[in-house]
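Let's take a look inside a protein model together. Keep the picture open while you read.

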Amino acid sequence: GIIRPKGNQERPRVSVMTTRATRVLDMPATILFVEDHEDLRDNVSQILALEGYTVVGATDGCDALEQIAAGLRPDLIISDIMMPRMDGYQFFEAVRRDYPRLRAIPFIFLTARGLRHEIALGKGLGADDYLVKPFDPAELIAVVHGKLRRTAELWAEADESLAQARRVLIRLLAHELHTPLTYVNNGFELLAEELRQHPAEALSE
C-alpha cells in the first residue's frame, strides 16, 4: 500500500526527473520499501510517513518490480534481502538492468545482524548502504535523510554543469560559426536526453 505524509509537516526536498532535464523540486520524496514481513513493513512505513515521506510498500522483489513497471518512480529504495519469489539481490540487479533511469537513486539493503557476507555481496553489486535489523528508527531516518540529500546535491551539481556547458556551447557556436540558436538548442536537447537515459554514468563523472 501507499502511506502518505499527514498534515502540514515539513516535507523533504529531493531531486526528480523532469521531461526536459533534472532539477531539484519542492516536493515529497517517494520511498519504495520492500519487505515480506507485514509488521515491519507497516511500522517502517509509518515512521517514514511521519517524517514527511510518501511510502509505497511491496511484499517482495516481484511485487516491487510490478509496481515499477506500472509507473512507480521512487526517489529511494529500501529492500530486505531474504524474501520469497525474488530476493533483494535479484531485485537490485533487475532494477539496475531493466530501468536505467533508476540506477542513480539510492538503494539500501536490510540484513540480519551478523550476516557480514550479505553486506560484502551487496557492496560488490553496488548497493549504497545497509541497515542491520533490528535497527533504531533514528538510524533509519538518518540514513534516508542523508542519502536523499546527497542525491539532490549530485543532481544540482549535474544540472549546473549542464547549464554551464550549454552557455559555452551557444556562445562559441553562435559567435564562431554563426549557427542559428535553434540548431544549437536542438543539439543540446539531444545531449540532455542522453544524460536522462544514462543518469548513473552522468552523476559518477
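## Helix α2

Which residues of helix α2 (residues 61-69) are buried? They are Gly61, Asp63, Ala64, Leu65 and Ile68. Buried means under 20% relative accessible area, with exposed over 50% and partly exposed in between (1.4 Å probe, protein chains only). Helices (H or I, at least four residues) and strands (E, at least two) are DSSP runs, numbered from the N terminus.

This is a predicted model, where local features need pLDDT of at least 70, side-chain atom pairs count only at pLDDT 80 or more, and totals for chains, interfaces and linings use all residues. Residues are numbered from 1 along each chain as its sequence is written, and side-chain values use heavy atoms, leaving out hydrogens and water.

What covers the buried part of α2 includes β4 (30-34), β5 (54-58) and α3 (88-98). After the helix comes glycine 71, with a positive phi near 120 degrees.

## The largest core

A nonpolar core is a set of buried Ala, Val, Leu, Ile, Met, Phe, Trp, Tyr and Cys residues joined through side-chain atoms within 4.5 Å. The largest one here has 24 residues, and Leu32, Val34, Leu65, Ile68, Phe91 and Phe109 have the most contacts inside it. Helix α3 gives the largest share, 5 residues.

## Zooming in on leucine 32

Leucine 32 sits in strand β4. It counts as buried because its relative accessibility is 0%. Beyond residues up to four places away in sequence, leucine 32 touches several others, including Val56, Ala64, Ile68 and Phe91 (contact means heavy atoms within 4.5 Å). Leucine 32 and alanine 58 are 26 residues apart in sequence, yet their C-alpha atoms are 7.4 Å apart in space.
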